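The following note concerns the charged side chains of the structure shown below.

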Amino acid sequence: MSANTETLKTREIHGVPVNIERPAGTHYYHPLYRHEAPMVFEHDYGHIPNTMQPDGGDLDALVGPHEDSKTVFLIEKPKAKDPRQHDEFKVMLGFHSQDNVREVWNKLYTKPNLQNPPMTTLHMDEFKKLLRNPDLSAFKKLGSIHALQDLGLTSCPPPFQPSAPTPN
């Protein structure tokens, strides 16, 4: 998120603060794609402070309706112009299933090359361990979900990749 974006409120999900900059219902025109339809945020969107990513911004987070969920979905967003390259991570909090996260993601990111990116699930305790890790720089430099395992998150499963559609 941009450093000059105004925080409208802060939500805390299991002790993780999320500075909300685009509340649910916001229509947002991305600066690079102003000629296209706006992104419509069905859920609060913001960032987790003091969690700088390789792109220089904090970890972006989308907060869903189930704040009781202790499952964190970490999405590896590809670059829009080259989907084979990693752009940044998006954290999905307050969701119960990968299917629900994928549905919300695909409605928000409608470009075909941004649909169905790799996703990893973490328990909230593991995610908080990641946020507290003093060697978070390794995670930032590698810029990949696979870096989580290198940081000692042994319960981190391999990234979820949707199966290819079957031809009719």
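1. In this predicted model, Arg11 and Glu67 form a salt bridge in which the closest N and O atoms are 2.1 Å apart. The two residues belong to distant parts of the chain: Arg11 is in strand β1, whereas Glu67 is in the loop between β6 (59–63) and β7 (71–78), 56 residues apart.

2. The partners of this bridge fall into separate accessibility classes. Arg11 counts as buried because its relative accessibility is 17%, and the cut-off for that class is under 20%. Glu67, with a relative accessible area of 35%, is partly exposed.

3. A salt bridge also joins the side chains of Asp44 and Lys9, with an N to O distance of 3.3 Å. Asp44 lies in strand β5 (residues 44–48) and Lys9 in strand β1 (residues 9–13), so this pair ties together parts of the chain that are 35 residues apart in sequence. Asp44 is buried, at 6% relative accessible area, while Lys9 is partly exposed, at 40%.

4. What surrounds Asp44? Leaving aside residues up to four places away in sequence, Asp44 touches Lys9, Arg11, Ile20, Arg22, Pro23, Ala24, Ala61, Leu62 and Val63. Two polar approaches deserve mention. The side chains of Asp44 and Arg11 are joined by a polar contact of 2.8 Å, and a polar atom of the Asp44 side chain lies 2.9 Å from the backbone nitrogen of Ala24.

5. A further salt bridge pairs Lys111 with Glu36, the closest N and O atoms being 3.1 Å apart. Lys111 is in the loop between α1 (98–108) and β9 (119–123), and Glu36 is in the loop between β3 (27–28) and β4 (39–40), so the pair ties together parts that are 75 residues apart in sequence. Lys111 is partly exposed, at 23% relative accessibility, and Glu36 is likewise partly exposed, at 30%.

6. How many salt bridges does the structure contain? A search of the whole structure finds six. Those described above include the pair Arg11 and Glu67, the pair Asp44 and Lys9, and the pair Lys111 and Glu36.

Notes. Residues are numbered from 1 along each chain as its sequence is written. This is a predicted model: local features need pLDDT of at least 70, side-chain atom pairs count only at pLDDT 80 or more; totals for chains, interfaces and linings use all residues. Side-chain values use heavy atoms; hydrogens and water are left out. A salt bridge is a side-chain nitrogen of Lys or Arg within 4 Å of a carboxyl oxygen of Asp or Glu. Helices (H or I, at least four residues) and strands (E, at least two) are DSSP runs, numbered from the N terminus. Buried means under 20% relative accessible area, exposed over 50%, partly exposed in between (1.4 Å probe, protein chains only). A polar contact is a pair of N or O atoms within 3.5 Å; within protein, one must be able to donate a hydrogen and the other to accept it, and residues adjacent in sequence count only if both atoms are side-chain atoms. Contact means heavy atoms within 4.5 Å.
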